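Dear colleague,

I am passing on the structure below, and after it I set out what was found. Please read the notes with the coordinates open beside them.

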Amino acid sequence: MKPIKIEICLGTTCFVMGGETLQNMGDMLKKKYGAKIEVEAVRCLEVCSSDNFSKAPYARVDGEVIGEASLEKVQAVIEKKLNHE
Amino acid sequence: MFIDVGCYQLKKAKQNAYGDYFLSKRDAHGRTIAVLSDGLGSGIKANILSCMTATMLVRFLEKEVPIKEAAEIIMNSLPVCQVRQISYATFSAVEADEQGNIRIVEEGNPSFVWMHGDTPQKADYTEIVSRSFPNRRMKVYQFQVEQGDRLIFCSDGVTQAGMGEKDYPLGFEREGLLSFLQSTIAAERDISSSQLARLVVDKALFCEYQHKSQDDISSAVLTFRQPRKALVFTGPPYEKHKDREYAWQLVTFAGKRAICGGTTANIVSRELKREITTPVTTAMGALPPLSYMEDVDLITEGILTLTKAQEYLEEGRLNEADAAGSLVEFLLSSDIIEFMVGAMINQAHYDPALPIEIEIRRTVIKNIKRVLEEKYFKQVNIHYV
């Protein structure tokens with residue numbers, strides 16, 4: 001099974017709005033899901049300037065953008081994807 | 001030729017102000033002016049005297065008053081101490097252009113040292129006697145330097161360091177300085193002006209009684225060499241169709257290259273089809289971490305990092321471990337720094353919901369330019385794209 005790819009945005013807006021805490025999230029997720037996921041930081045997802053998404057900070061799980069991302073929200077999406085498969 | 005200017009100073013122990021004063025300016029034609037002045041005594045009185053002398057000289061030279069004339073006016077107008085019958089402030093003034101033409105005027109300071117590689121050179125001078133004070137003379141030099149040459153100026157705190165000590169009965173002296181410069185330069189041929197100035201001052205301090213400065217100790221160095229260039233690309237360009245052009249300009253730049261900005265890094269990555277990697281590191285302090293891309297020496301986040309770097313430069317904090325510290329190191333290791341500043345504004349940065357206020361990029365870059373030029377003697381150009 002291909003690991004789920006999680007990208008954490010570390011652009012200016014996301015970082016100011018909580019990206020710093022999101023980054024520690026990477027470690028926590030890695031501990032919990034191990035090889036089932038792949039965590040990466042990205043410079044900027046370039047969604048903050050568009051109104052189509054709710055609010056920074058953002059993360060992306062297998063291409064799906066999550067606004068106001070938090071550990072719980074990202075975890076929920078991962079669980080959904082894991083159960084789906 | 002690029003003129004790398006560096007200076008390092010120490011106060012006399014227990015004083016709260018520097019009695020020596022160093023000023024340097026570079027004008028639009030590439031002419032560099034530098035003045036080192038030593039005020040009589042130490043502490044705040046000496047500081048005022050040397051500051052006044054150095055500022056006046058630099059102003060005169062800036063206005064293109066011939067250096068000899070400017071020095072003469074100052075020498076004739078500077079007061080003489082009633083008690084000691086010596087002038088209130090001594091000075092060395094140098095004017096240098098990019099072709100290597102040098103003019104130097106000295107009054108009272110130890111003679112400068114001219115090094116060609118690690119070999120000291122001799123420069124001829126003419127002596128001019130002050131009209132109003134016949135015991136005051138100034139030396140006027142005019143000569144030409146080559147690439148790789150250095151001019152080292154110092155206050156008498158260097159040559160008289162350690163005076164009276166067993167190892168240095170007459171002080172460190174000019175001979176001590178010369179042999180120290182020879183061995184230091186021989187060991188590190190590419191040493192920067194600021195590093196060399198610092199080593200000279202540290203050496204002088206080492207000679208002093210109990211390693212405490214008995215006088216103000218200053219050293220200023222001018223190095224003539226090929227400029228080291230750097231380009232910093234920050235902010236998305238205003239015209240999107242030119243993205244590719246600017247991306248190529250960055251990676252083909254003859255010098256060191258940096259990107260400050262997530263979107264900017266994405267643009268370069270997209271246009272040149274080069275991957276960016278951002279390692280997820282847990283301990284990264286208050287700034288987003290560095291990223292990596294082929295042919296780019298440094299990639300950081302934009303405005304937060306730039307703002308922090310400005311703060312570090314202004315406060316002289318040059319050894320910070322975060323991304324802004326890396327940017328400071330990048331900037332200070334270059335002589336000529338080009339900023340390619342994208343004019344596009346990211347509205348999301350000005351969302352009132354943001355917990356901190358984010359500066360406008362242009363303002364930050366302008367501030368960085370100012371501090372790099374005034375405090376670190378760099379040449380900085382800004383291009384808006």
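Predicted model: local features only at pLDDT ≥ 70, side-chain atom pairs only at ≥ 80, totals over all residues.

The C-alpha atoms of chain A occupy a box of roughly 35 × 25 × 20 Å along the principal axes. A compact globule of 85 residues would have a radius of gyration near 12 Å, and chain A, at 12 Å, therefore agrees with that expectation. Of the 85 residues in chain A, 51% are buried, while among the contacts in chain A with a separation of 6 or more, 62% join residues 24 or more positions apart.

Turning to the interface, the contact draws 33 residues from chain B and 20 residues from chain A, and the area buried between the two chains is about 2,000 Å², with carbon and sulfur atoms giving 62% of that area. Across this interface of chain B and chain A there are 0 salt bridges by the rule applied, whereas 5 residue pairs, both partners at pLDDT 80 or more, are in polar contact.

On the side of chain B that touches chain A, the elements that give two or more residues are α7 (262-272), β15 (296-300) and α8 (303-315) of chain B, and α7(B) gives the most, with 4 residues. Sorted by class, that side of chain B has 19 nonpolar, 12 polar and 2 charged residues.

With best regards

Notes: Residues numbered from 1 in each chain as written. Chains lettered and ligands numbered in written order. Heavy atoms only, no water. Contact = heavy atoms within 4.5 Å. Buried area = accessible area lost by both parts, 1.4 Å probe. Salt bridge = Lys/Arg side-chain N within 4 Å of Asp/Glu carboxyl O. Polar contact = N/O pair within 3.5 Å; in protein donor to acceptor, adjacent residues only side chain to side chain. Nonpolar A, V, L, I, M, F, W, Y, C, P; charged D, E, K, R; others polar. Rg over C-alpha atoms; globule rule 2.2 N^0.38 Å. Buried < 20%, exposed > 50% of the residue type's maximum accessible area, 1.4 Å probe, protein only.
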